[in-house]
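Colleague: I have a model open and want to learn to read it. Can we go through it feature by feature?

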Amino acid sequence: MTAPGENLKINGERLWDSLMEMARIGPGVAGGNNRQTLTDADAEGRALFRTWCEDAGCSMGLDTMGNMFAMRPGTDPDALPVYVGSHLDTQPTGGKYDGILGVLGGLEVIRSLNDLGIKTKHPIVVTNWTNEEGTRFAPAMLASGVFAGIHTQDWAYDRVDAEGKRFGDELERIGWKGDEPVGARKMHAFFELHIEQGPILEAEGKEIGVVTHGQGLSWTQVTITGKESHTGSTPMPMRRNAGLGMARVLDLVDQIAWSHKPHAVGAAGHIDVYPNSRNVIPGKVVFTVDFRSPDLAVIEDMEKRLHEGAQKICDGMGLSVEFEKVGGFDPVEFDAGCVKAIRDAAERLGYSHMNLISGAGHDACWINRVAPTAMVMCPCVDGLSHNEAEEISPEWATAGANVLFHAVVETAGIVE
């Protein structure tokens with residue numbers, strides 16, 4: 001395919017204005033966003049995105065999982081589309097850029113092609129994947145997972161939130177359940193622009209991350225059961241403290257992750273303590289251990305050592321322990337051709353860049369199962385994400401979108 005000239009750029013100011021306008025929908029309490037999936041705010045954000053896409057001359061498709069597909073036609077009616085996108089939903093205390101940059105960066109690709117009068121052989125489709133965050137309806141990347149055949153649609157529809165509301169019912173309630181069968185679309189390639197959600201690019205002084213791999217993930221829910229008793233009147237030798245058992249297991253988790261440095265990580269982010277009273281020794285704790293690595297053998301080793309080590313700790317303390325695998329996916333190696341398109345674009349545009357392994361899960365990790373896929377990342381301040389203080393600069397957003405623009409347009413093929 002013919003590569004775009006280095007003078008072809010997106011409109012960075014328009015991209016930034018779009019990010020700020022979308023951020024007005026579902027505002028958080030501290031400057032970020034609370035636009036959780038299938039809420040009224042999500043519906044409002046979707047409507048704004050649809051309006052922008054239609055104004056850019058795109059036709060909007062909508063599948064039965066609520067995934068949105070805005071298509072700019074190509075010149076070859078038989079050519080498979082090049083897809084680009086991410087997600088518009090946020091964490092409860094989320095930022096203005098996680099996911100949103102990838103969707104609106106894709107829209108900016110379309111707008112810039114229109115401005116420049118460029119036609120492409122392959123159609124280009126901008127996608128908003130439903131429920132990437134997984135914070136209201138677990139697991140994360142739910143709709144892209146159904147699209148890629150990882151989950152069944154019926155199973156996804158039956159996911160419930162903390163109030164017992166079903167995913168399928170809420171999708172209908174907000175009016176964004178389409179008729180198109182999920183997963184029916186075929187892709188020439190898929191590209192996702194995202195903020196790094198980590199500190200590496202900023203620390204290294206690089207403008208662009210060329211994502212070569214995605215870390216695999218393992219979530220194990222651990223339940224430790226002891227005996228509730230009074231914190232003041234129960235002698236130390238007679239205690240069966242589930243909270244203390246958890247503390248020792250979490251120290252083990254940290255040791256296990258450190259043993260596989262530098263790329264492996266491990267921690268527990270979700271913890272419930274029962275009865276969670278100031279003067280009652282915990283009788284039960286439930287927590288989820290999150291292990292990640294780009295090496296499947298490392299993940300399997302970490303899981304094995306968690307099971308064996310936690311069992312030994314609890315046996316020695318008179319506690320019972322149970323394990324349940326509640327989520328996970330294997331490490332991802334992105335398509336070499338798509339990765340090269342991103343790297344070549346960064347070099348052509350003169351941006352400093354480096355290879356990255358994504359520490360977070362993304363829709364691209366599932367779509368990689370069904371189409372050639374790659375990701376481009378831009379830095380975020382202090383690596384902070386899933387936080388209302390999440391921040392990027394307009395310059396970083398523009399650089400990432402320019403690289404996305406070049407990679408997508410080169411893959412879609414410029415028609416002279």
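Colleague: Is strand 16 (residues 373-378) enclosed or open, and why?

Modeller: Start with the terms. Strands (E, at least two residues) and helices (H or I, at least four) are DSSP runs, numbered from the N terminus. Buried means under 20% relative accessible area, exposed over 50%, partly exposed in between (1.4 Å probe, protein chains only). Six of the six residues of strand 16 are buried, so the strand is largely enclosed by the rest of the structure. One caution: this is a predicted model, where local features need pLDDT of at least 70, side-chain atom pairs count only at pLDDT 80 or more, and totals for chains, interfaces and linings use all residues. Residues are numbered from 1 along each chain as its sequence is written, and side-chain values use heavy atoms, leaving out hydrogens and water.

Colleague: Which residues of strand 16 lie on each side?

Modeller: In a regular strand the side chains alternate between the two faces of the sheet. Here T373, M375 and M377 are on one side, with A374, V376 and C378 on the other. Both faces are covered.

Colleague: Which residue stands opposite M375 in strand 6 (residues 189-195)?

Modeller: Two strands pair if DSSP finds at least two bridges between them. Strand 6 runs parallel to strand 16, joined by six bridges. E192 stands opposite M375. Strand 7 (residues 208-214) pairs with strand 16 in the antiparallel sense, over three bridges. There V211 has M375 as its bridge partner.

Colleague: What is the strand order in the open sheet of four strands?

Modeller: The order is 10-12-8-13, with antiparallel pairing. Strand 10 (265-274) and strand 13 (320-329) stand at the edges with a single partner strand each, so one side of each lacks a neighbour in the sheet. Nine bridges join strand 10 to strand 12 (residues 284-293). One of the partner pairs is A268 with V289.

Colleague: Why call helix 3 (residues 100-116) enclosed?

Modeller: Count its buried residues: 14 of the 17, so helix 3 is largely enclosed by the rest of the structure. Next, check its length. The expected span is 1.5 Å times one less than the number of residues. That gives 24 Å for helix 3, and its end C-alpha atoms are 24 Å apart, which agrees. G117 follows, with a positive phi near 65°.

Colleague: How many disulfides are there?

Modeller: A disulfide is a covalent bond between the sulfur atoms of two cysteines. The cut-off is a pair of cysteine sulfur atoms within 2.5 Å. The count is zero. Take C338: the closest cysteine sulfur, in C365, is 14 Å from its own, too far for a bond. C338 is buried, at 5% relative accessible area.
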